[in-house]
Amino acid sequence: MSMTWSALATLPPQPAASEPTAAESTRKRSARPLLASARPSPDEDAPALAGLSPAVAVRAPDSSTLGAGQLRLGKSLRPLRQRFPDRRQQELDVTRTVAAIAETGVPETVTRAVRTRWLSLALVVDDGVSMVLWQRLAADVRALMERAGAFRDVRVYGLDTRSGTPSLRTSPYRHRGRLLSPKSLCDLTGNTLVLVVSDGVGEAWRDGGMRQVTDRWGRCGPIAIVQALPSRLWASTGIGARRWQVTTHRRGGPTRAWHVTDPDLPPDLVRFDSVPVPVLAPTPTAVADWAWLVASPGGTALLPLWDAGRPGSSRTVADARDGDAAEAVLRFREAASAEAYRLAAHVAAVAPVTPPVMRLVQAALGPPTDIGHLMEVFLGGLMHELDADGADRLPHHRRFDFTDGARRVLLSAVSPRELLRTAEAVTRRIEAAVGRAPVFPAWVGHPDGAAVIDDTGRSFGWLREQVLTRLGIPSADARPVAPMPKTPRVPGGETGDSTEPRDSAAAGTDEAYDDAPGETLPAGWVELLPEDPVRLGRFRLRARSAHGWPHLTMYLAEDEDGTVATVRAPVMLRTRDPGTARDLVRTEAECLTRMQGAHAPALLGVAAPTTGELPWVAASCVHRRADAPSSPPAPNLRAVLDEHGGTVPEELFLRIGLGLTEAVALAHSRGLVHGSLSPLAVLVTDRDVRLVGWATATVDGVDSAHRDVLPLSDTYLKADDDGRSLTPQSDVYAVGALLLAFLSGRWSDPRADNSGHGPFTNPGIGPVLLRALWRCLEHDPTRRPSAADLAEAFALASGDPTADRASEQVVAEDVRRIRDLAGQDIGTYGLEFARLLLTFSNQLASVGQREESLAAALESVEVYRELLSVGGNSASVPFSSGLAEALSSLSVRLGEAGRAGERLDAVSEAETLYRELRRRDFGVFGAGHAMTLNNQSNRLAEAGRYREALQAIEEAVQ
């Protein structure tokens, strides 16, 4: 599958005769051109215009500006998900109502304030000329905030910064909303968060108009700016920023109350005199630091604040509409970066374009080109808007173009082959995102269309008939652009043995097979060698794998019915050791038969003759989309890590971990030990995980005698168990080492990489699951969990409702194990044991096991007391704070057991500890002290000590 750009016809002659032309590329494909704009079809009575073709509108998929980090961005907002009593809303307090009726005998009700979210959000979207490129970012931010569950309501406003006096409207990007004064967002209660999305290009950001507005908002409540541009370009806009040390003394409230100091210099040398306004990049780390600071009752963090004292540098604008186009392009080239100039040429090749098409072209070029370079092109003066009413259109409908002279000069800077490569990447992105992303309007040639496109229209993509059908466009009876190829389809990559990373842009596409005649085989596959067989059984071989074990060759094949399959055959080994060759094939076939297509490829055929014929085993090709045979082959674990740049999202890690542990558990239940688990043996589909490479597996306790023929290259995955026999615990060791290495982003021994972090700490996943993974690396195999236990731990961490019943067993096993370790070395394992006991106590209480829950809480308190007695002053703060937390939890458990006197004693001791800790660090322990005082006040009131209860609650409020 490829695509072409009609703009290639306007290029000057190229010296290289081998460069493909647009017409030649078109003749190789069966596809229809996709354009960003069209014109209405002429009336039937009007004469037909030459060069016009009918076209229909399609909803082409757009790309997300937040990308894979969207899930982590949502998690970074968790500190804002707080609820507080709202006295304006009341609800029935059932417990107190029942108690009041029982005491007084009067049927009266007792109400309490409803706990509601504490913040409202005013999302202010700058909709200046340059912000048409950021409409998708604004929409993604809005969706993220609405799904975060942190705000009572989300209101969206438009912000006009074109002039020196900024103004608000009730809706962004459309000039039909009602005008509002910026004062309308001032909430004197301090419970409205104002979040501005802008690139800082408008005039009001540079001449001080927006500074006055943000100062007013910052005096009333919390405010922040989401800077759409990359941080390297902030200094050239009106929103330059510098990192300052910010200290807060209350939750939320106006940013004017923040205490700001220089992180390095003393306060008497450098002062921050204006209202602090945080400037945030739309990344999880930046948002997490800001959200934590806003939501904490007191804390300190380093934040970039708007430095209005340093106005952004003026932009060099090259206006190509007046004067010499070549001179304008030259001025643009001198002012812009090399990446921006190259991007301008690619955008000019498909113009006129809409903002979504610009973003697609930029994304197709890949690093180091980013959205900041697209902004350089857009504001460089070479582009102009085509429609006079563009300001009244939605951003993704507005069209922009270059002058013919500027386009001609720009296109001379890139070769047609480079344009074609970018075009293919654009098409792959479109096809991969069909049905999975927001859409924007585009037009595709079709005989039933109500609009028309001319022959000079520059298509930014080509869509196959299959994709058009998925987009709701019926197949046309007209002759396609090019005949469909008749050669069999060949997967575009290695299924399990390839060590080369796959192109992330192509990874999600439905175009699994490239069947254009005359083109080379895809990456990972090579032509058959003369000594290779052409057919094995009913399978016709098409290519051989370029990677993997030399003794067991993997072929790409086609069944008689056209099904794509993978065939393994020990071609080289057969002549030297035919017995070993047969054994490897038989073992692989036996394992695939037992797995029955679950978490492993389905067995399609096998031949292990006792004569001199070549043995082989055929299995189904594992596809990325399990229900789509036309999708590309599933990547292995190494390729998945490469696709995500070495950092895998938590949700994907949990899904892969659950699939891998379920696959290994299934194999163990059927008498199989894989024995060769590695990143290349784990294939990841959109639904589950499939294991390959079973040729040397252990079957029914009988080890393969040929493990030295196919050795394991990743030695850190091999357990140092006594004896050579493989057991299920050997696989568990490999699973733990493999997943911990996958989580760290480095294919090496996780024990060496985590030597400085301790065995129980990792910010990526929950502590219970992490402890289970580290237990897999225990030297004693009997102390490792089973694969089924690991699967239950992953199901629990993934939020599987069926895993709740396993939660208690998982944590209980951890408690038993760490209790033994703490008994041997209380100083090393005591703190972890005490914290785990609290977790266990809360879980037991949630399922109604009150006596067991109370026993766990009491044991946690005793462990903390022992730690304080042996730890000394150097460790008193963490142990004292832990003891205070344990005593607070114990008071709740004692109340559930009806032991009111002991409950009051426990909470009173906790209050004494928190009081001392608060004197040391109010920002950290002030909130804990306040909550403990509130708890103590309730317990004193229950005991009839009302005066002391009143004093405690008054101190808590203060």
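Modeller: In this predicted model, helices are DSSP runs of H or I with at least four residues, and strands are E runs of at least two, numbered from the N terminus.

Colleague: On that basis, how many helices and strands does the chain have?

Modeller: The assignment covers a chain of 958 residues, of which 53% count as buried. Contacts with a separation of 6 or more come to 71% from residues 24 or more positions apart. The elements assigned to the chain are 30 helices and 31 strands.

Colleague: What is the mean pLDDT of the chain?

Modeller: A pLDDT of 70 or more is reached by 76% of the residues. The stretch 755–761 stays under 50, and the model gives this stretch eight contacts beyond four places in sequence. Residues 801–806 are also below 50, with five contacts beyond near neighbours in sequence. Where pLDDT is low, the predicted coordinates should not be read in detail; the mean for the chain is 77.

Colleague: How far apart are the end C-alpha atoms of helix H17?

Modeller: Helix H17 runs over residues 578–595 and holds 18 residues. The expected span is 1.5 Å times one less than the number of residues, so H17 should span 26 Å. The model agrees with this expectation, as the end C-alpha atoms of H17 are separated by 26 Å.

Colleague: Which residue just after H17 takes a positive phi?

Modeller: Within H17, the buried residues include Arg-582, Glu-588, Cys-591 and Met-595. The loop between H17 and E26 comes next, and it holds a residue that is not a glycine but has a phi of about 55°. Most residues other than glycine have a negative phi. With a relative accessible area of 64%, over the 50% limit, this residue is therefore exposed; its name is Gln-596.

Colleague: Is His-599 buried or exposed?

Modeller: His-599 lies in the loop between H17 and E26 and has a positive phi of about 60° although it is not a glycine. Buried means under 20% relative accessible area. Because the value for His-599 is 14%, the residue counts as buried.

Colleague: What is the omega of the cis peptide bond that joins Ala-351 and Pro-352?

Modeller: Most peptide bonds are trans. Pro-352 is placed in the loop between helix H9 (338–348) and helix H10 (355–365). The bond joining Ala-351 to Pro-352 is cis, with an omega of about 10°.

Colleague: Where is Pro-368, to which a cis peptide bond runs from Pro-367?

Modeller: The bond from Pro-367 to Pro-368 has an omega near 5°. Helix H11 covers residues 371–378, and Pro-368 is found in the loop between H10 and H11.

Colleague: Which residues form a nonpolar patch on the surface with about 270 Å² of accessible area together?

Modeller: One member, Val-94, belongs to helix H3 (residues 94–104). A patch residue needs over 30% relative accessible area, and Val-94, at 52%, is exposed. The patch is formed by Leu-92, Val-94 and Val-98.

Methods
Residues are numbered from 1 along each chain as its sequence is written. This is a predicted model: local features need pLDDT of at least 70, side-chain atom pairs count only at pLDDT 80 or more; totals for chains, interfaces and linings use all residues. Side-chain values use heavy atoms; hydrogens and water are left out. Patches are made of residues with over 30% relative accessible area and no salt bridge: like charges are joined within 9 Å, nonpolar side chains (Val, Leu, Ile, Met, Phe, Trp, Tyr) within 5 Å. Accessible areas come from the Shrake-Rupley method with a 1.4 Å probe; for residues, only the protein chains shown count as cover. A salt bridge is a side-chain nitrogen of Lys or Arg within 4 Å of a carboxyl oxygen of Asp or Glu. Buried means under 20% relative accessible area, exposed over 50%, partly exposed in between (1.4 Å probe, protein chains only). pLDDT is the predictor's confidence in each residue, from 0 to 100. Contact means heavy atoms within 4.5 Å.
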